[in-house]
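Here is a friendly tour of one protein chain, written for someone seeing it for the first time. Have a look at the sequence and the model, then read on.

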Amino acid sequence: MSTILCAGPCRPEAHGGPRQAMPGYAICDICEERCWENLHWLADHWPDLEAMLSSSGSHGPDGMPHAKSEATGISLNDAVAELRRTITDTLRYWTHVVLDENAGFNGPKDDAVSMARYLARHAKRITRHHDEAVAAALPIDVSDMRRQMYRRAFPSGARLYIPEPEIPCAEHTVSDTG
């Protein structure tokens, strides 16, 4: 019996990869888990990408020139706008793959955050698909989207959008933590 190697975005050969695929599937368990994590990362950091979309000057915090819309007068980062469109279209495609193969499933709202969370819930359904090309394509697409989004959302490495802190529950007080 031969060993099936992972067809997903696994480790390169230079680093000991690719790993062995899960028995009966096209990708390894690590790539499957990373696909789930990356989908949640896309949803969690979507506001950071949106923060890079506009700025008040002719150049944004990423140093990229922004075109000023004649209709609205708002400066927009065309590269970020195109990336948002590409990511949304890719998430929409994969959402339809799930919906087409699973009649009766309710789809998410048509926004990137909802679609990324929906796909995370159904990631195993796709990564364990009977068609190896389909099973390997989602983790590869998601890995590429995360890499591109990171480059645009965090050009200096710093996070621009900071979510509001969670309110501690009644069982814990500030004095409990020291």
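Cys-31 counts as buried, with a relative accessibility of 2%; buried here means under 20% relative accessible area, exposed means over 50%, and partly exposed is in between, using a 1.4 Å probe and protein chains only. Cys-28 is buried as well, at 0% relative accessibility. A disulfide is a covalent bond between the sulfur atoms of two cysteines, and the cut-off used for calling one is a pair of cysteine sulfur atoms within 2.5 Å. Cys-31 is in no disulfide, and the structure as a whole holds zero of them.

A word on what you're looking at: this is a predicted model, where local features need pLDDT of at least 70, side-chain atom pairs count only at pLDDT 80 or more, and totals for chains, interfaces and linings use all residues. Residues are numbered from 1 along each chain as its sequence is written, and side-chain values use heavy atoms, with hydrogens and water left out.

## The overall layout

The chain has five helices and three strands; these are DSSP runs numbered from the N terminus, with helices (H or I) of at least four residues and strands (E) of at least two.

Of the 178 residues in the chain, 37% are buried. Contact means heavy atoms within 4.5 Å. Among contacts in the chain with a separation of 6 or more, 52% come from residues 24 or more positions apart.

## Where H1 meets H5

Two packed helices are described by the angle between their axes and the distance between the axes. For helix H1 (residues 29–51) and helix H5 (residues 132–153), the axes come within 9 Å and cross at roughly 30°. Those axes are lines fitted to C-alpha atoms, for helices over the stretch in contact, and angles run from 0 to 180 degrees between N-to-C directions. The crossing of H1 and H5 is left-handed, a label used if the near helix is turned anticlockwise from the far one by less than a right angle (clockwise would be right-handed).

Who takes part? On the H1 side, the residues include Cys-31, Leu-39, Trp-46 and Leu-49, and on the H5 side they include Pro-139, Val-142, Arg-146 and Tyr-150. By class, the contact of H1 with H5 has 14 nonpolar, three polar and three charged residues. In this count Ala, Val, Leu, Ile, Met, Phe, Trp, Tyr, Cys and Pro are nonpolar, Asp, Glu, Lys and Arg are charged, and the others, Gly among them, are polar.

## The nonpolar cores

In soluble globular proteins, nonpolar side chains tend to be buried together. A nonpolar core is a set of buried Ala, Val, Leu, Ile, Met, Phe, Trp, Tyr and Cys residues joined through side-chain atoms within 4.5 Å. The largest one here has 32 residues, and Leu-39, Leu-49, Ile-87 and Leu-91 touch the most other members. H1, helix H2 (78–101), helix H3 (112–121), helix H4 (123–127) and H5 each supply at least two of its residues, with the largest share, eight residues, coming from H2.

Leaving aside its neighbours within four places in sequence, Leu-39 is in contact with Leu-91, Ala-116, Leu-119, Ala-120, Ala-123 and Val-142. Apart from this core lies another, of nine residues, among them Cys-10, Ala-26, Cys-28 and Ala-135.

## H3, a mostly covered helix

How many of the 10 residues of H3 are buried? Seven are, making H3 mostly covered. They are Ala-112, Ser-114, Met-115, Ala-116, Tyr-118, Leu-119 and Ala-120, and they pack against H1, H2 and H4.

Asp-111 sits in the loop between H2 and H3 and is partly exposed, with a relative accessible area of 27%. Met-52, in the loop between H1 and strand S1 (54–55), is buried at 0% relative accessibility.

Gly-8 lies in the segment before H1 and is buried, with a relative accessible area of 15%. Gly-8 and Pro-139 are 131 residues apart in sequence, yet 6.1 Å apart in space, C-alpha to C-alpha. Beyond its neighbours within four places in sequence, Gly-8 is in contact with Ile-27, Cys-31, Ala-136 and Ile-140.
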